[in-house]
There are 2 protein chains.
Amino acid sequence: MMKGAIEKNPLFSGLDDNECEDALAALSAIKQEYAKGAVIFHAGERMYRFGLVLCGTVQVSFTDIDGNEILMASADAGDTFGESLCWLKVAEAPVTVTASTDVTLLWLTPELLMSGDTRKIVQELRNRFLSMLAAKTLSMNERVQILSKPTIRLKLITFLSQYANRYGSKTFSVPYDRETLARYLGVNRTALSRELSAMQADGIIEFYKNSFKILK
Amino acid sequence: MMKGAIEKNPLFSGLDDNECEDALAALSAIKQEYAKGAVIFHAGERMYRFGLVLCGTVQVSFTDIDGNEILMASADAGDTFGESLCWLKVAEAPVTVTASTDVTLLWLTPELLMSGDTRKIVQELRNRFLSMLAAKTLSMNERVQILSKPTIRLKLITFLSQYANRYGSKTFSVPYDRETLARYLGVNRTALSRELSAMQADGIIEFYKNSFKILK
DNA sequence: CCTATTCCGTCGCAATTGCAACAGAAATTA
DNA sequence: TAATTTCTGTTGCAATTGCGACGGAATAGG
């Protein structure tokens with residue numbers, strides 16, 4: 001049913017049905033559903049489990065020192081959130097997770113991965129969990145790369161190039177509305193619209209809603 | 001000798017001498033020295049080992065699509081670099097590592113951590129390696145938090161607050177010169193100097209070279 | 001089909017920033 | 001010590017961006 005989303009996740013991809021069941025059991029998987037807008041996790045609590053999104057989209061925002069909310073990531077089907085805070089047993093997690101749409105997700109507990117359990121599936125999961133974290137680090141590098149660019153245009157070009165690379169095509173759509181994209185890029189929404197229009201006028205890109213085409 | 005730097009690193013902290021030796025052996029540690037300015041790792045190669053800085057400072061810069069160099073991190077004694085790229089066996093690592101000062105470092109190979117080796121020390125290292133990656137993710141969150149701020153002043157306040165938190169004091173010094181700090185914050189150097197002066201005039205901070213004091 | 005709501009682009013203006021040129025301080029080297 | 005190089009702060013100006021207000025398009029709900 002939700003098999004698709006699970007398979008997309010590097011923790012489970014390529015496992016056969018039995019292995020998958022064992023893996024879910026080893027992680028004490030619990031399914032839960034949230035309505036659009038619901039708060040999935042409150043900042044300030046400890047994150048005992050991390051989340052794997054089965055369907056829908058969640059937003060992870062960081063509550064900073066002044067109480068402002070900064071969009072850290074949005075997780076779609078197959079994506080996870082909260083692994084680091086969970087693994088490190090951070091007492092007061094500084095992130096809030098909310099449902100952008102109706103959401104179904106699995107809560108997973110990495111407790112067994114920390115133990116000396118030598119079952120094959122547990123060892124495999126340990127390795128995969130590690131790979132997942134490593135991949136997350138690299139994807140955050142990409143975010144930093146974008147945010148470091150001096151102008152909105154360069155941020156957009158970098159962002160769009162990254163997407164084009166990931167999709168292997170110069171035509172693609174992104175899972176953000178303008179407001180969310182602006183926050184992801186760290187810029188003002190209307191300034192973003194202005195720049196998108198300018199880039200289209202300059203013949204650099206074409207776009208319709210969330211679909212983009214890089215002309216270059 | 002360099003024991004201090006090693007102990008600062010979460011992979012080795014708290015291990016006794018024997019364990020430490022075993023750990024270094026398990027990671028096939030090799031010591032190497034570089035002169036100031038030397039290139040420690042070239043972008044485009046595969047990173048078979050990750051680095052642990054024993055003394056000195058290295059800079060990790062990201063080479064983006066246009067060939068620009070973006071400062072991703074600077075690693076001091078006890079810090080590591082390249083774990084993610086190494087673990088994921090990325091064929092063409094997109095980072096360049098250079099020596100900001102004369103540098104001594106250990107090259108470490110995580111190969112054994114990927115195996116089914118069940119020796120206690122290896123299991124321990126696996127867990128610690130994981131924690132290290134998780135911690136890196138969180139510290140990158142802090143960087144993103146800074147870069148997401150709309151103005152130089154807010155970036156600085158966020159950056160300085162993070163440092164004050166880490167040191168547990170409102171007086172501290174940072175390991176960056178102005179040029180490097182500007183690149184870390186993603187802003188223009190002279191604009192940074194201008195804003196620092198303005199903040200001092202406004203009674204928010206005091207600073208002398210790389211020493212800062214938050215007055216608030 | 002109509003209405004309310006959300007989403008998106010445009011515009012003018014003020015504020016912030018990048019940039020280039022420059023000068024003095026500090027550190028390094030001869 | 002003198003000379004050279006590096007680092008840092010200042011300033012004027014142009015370019016970019018943030019912000020608020022607005023209107024039209026798209027969407028959702030009845």
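**Exercise 1: the protein interface**

Between chain A and chain B, four residue pairs are in polar contact, both residues at pLDDT 80 or more, where a polar contact is a pair of N or O atoms within 3.5 Å and, within protein, one atom must be able to donate a hydrogen and the other to accept it, residues adjacent in sequence counting only if both atoms are side-chain atoms. This is a predicted model, in which local features need pLDDT of at least 70, side-chain atom pairs count only at pLDDT 80 or more, and totals for chains, interfaces and linings use all residues. Residues are numbered from 1 along each chain as its sequence is written, chains are lettered from A and ligands numbered from 1 in the order in which they are written, and side-chain values use heavy atoms, with hydrogens and water left out.

Task: determine which element gives the most to the side of chain A that touches chain B.

Solution: α5(A) gives the most, with 19 residues, the helices being DSSP runs (H or I, at least four residues) numbered from the N terminus. The residues on this side of chain A then divide into 19 nonpolar, 12 polar and six charged.

**Exercise 2: the DNA strand**

Task: find which atom of K209(A) lies 2.6 Å from a phosphate oxygen of DNA strand D.

Solution: for K209(A) it is a polar side-chain atom. On chain B, an N or O atom in the side chain of S197(B) is 2.4 Å from a phosphate oxygen of DNA strand D.

Notes. Helix = DSSP H or I, 4+ residues; strand = E, 2+ residues; numbered from the N terminus. Nonpolar A, V, L, I, M, F, W, Y, C, P; charged D, E, K, R; others polar.
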